[in-house]
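Trainee: I would like to go through some of the labels used for a model and ask what stands behind each one.
Mentor: Go ahead.
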Amino acid sequence: MANHLEQRRHLDSLFLLDAAASLLFGAVALLTPHGILLKLVGGSSYNHDAHEALRLYGCLRIAMGWITFNIRSVDDGRFRRSVCESLCFCYLLQALAVLRAQFTDRRNTINWIAVVLLSAMGLSYGRFRFGRGGSMIKVYELPQSDKTIR
């Protein structure tokens with residue numbers, strides 16, 4: 001039981017880290033004025049469509065941050081396991097998309113940073129879902145009487 005409790009705490013910490021990073025990135029992407037991000041990634045001309053797409057992605061990251069922040073208090077093991085699986089694949093697919101952009105579009109350091117961070121998040125969720133004991137519901141849920149995690 002102690003090992004399951006420790007794994008649950010690690011998963012809740014991962015959810016909290018993901019939530020904080022998502023909320024921060026989403027807010028920056030949503031609120032950054034035109035052209036500032038372009039200078040950060042080394043672009044030479046402003047693209048309004050790309051800027052608006054980044055803002056929409058920022059809205060999505062804010063929503064994901066809110067979801068992952070609040071999922072820490074959910075005790076349904078099957079639901080938490082499904083979320084880990086979904087986030088694992090989501091982050092790994094994002095990493096592949098950015099990697100493809102690195103080799104087919106404008107190359108820059110930001111892409112490599114994004115590939116590393118997205119891969120790390122995907123692999124972290126994958127460790128919980130597909131790693132040792134990842135199929136056991138006990139890893140994801142606690143008995144109803146234990147409220148110390150919240």
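Trainee: What makes Asp12 count as buried?
Mentor: This is a predicted model, and in it Asp12 has a relative accessible area of 7%. Buried means under 20%, so Asp12 is buried.

Trainee: Why is Arg8 called buried?
Mentor: The relative accessibility of Arg8 is 0%. That is under the 20% cut-off, so Arg8 counts as buried.

Trainee: How do you know that Arg8 forms a salt bridge with Asp12?
Mentor: The closest N and O atoms of Arg8 and Asp12 are 3.1 Å apart. The cut-off is 4 Å between a side-chain nitrogen of Lys or Arg and a carboxyl oxygen of Asp or Glu, so the pair is a salt bridge. Both residues lie in helix H1, 4 residues apart, about one turn of the helix.

Trainee: What makes Asp18 and Arg61 a salt bridge?
Mentor: Their closest N and O atoms are 3.7 Å apart, and the limit is 4 Å. This pair links distant parts of the chain, with Asp18 in helix H1 and Arg61 in helix H3, 43 residues apart. Both Asp18 and Arg61 are buried.

Trainee: Why is Arg55 called partly exposed?
Mentor: Arg55 has 22% relative accessibility. Arg55 forms a salt bridge with Glu52, with closest N and O atoms 3.6 Å apart. Being 3 residues apart in helix H3, Arg55 and Glu52 are separated by about one helical turn.

Trainee: How do you know that the span of H4 agrees with its 28 residues?
Mentor: At 1.5 Å a residue, H4 should span 40 Å. Its end C-alpha atoms are 41 Å apart, which agrees.

Trainee: What caps the N-terminal end of H4?
Mentor: Asp76 does, through a side-chain oxygen that lies 3.1 Å from the backbone nitrogen of Arg78.

Terms used:
Residues numbered from 1 in each chain as written. Predicted model: local features only at pLDDT ≥ 70, side-chain atom pairs only at ≥ 80, totals over all residues. Heavy atoms only, no water. Helix = DSSP H or I, 4+ residues; strand = E, 2+ residues; numbered from the N terminus. Expected span 1.5 Å × (residues − 1). Polar contact = N/O pair within 3.5 Å; in protein donor to acceptor, adjacent residues only side chain to side chain. Buried < 20%, exposed > 50% of the residue type's maximum accessible area, 1.4 Å probe, protein only.
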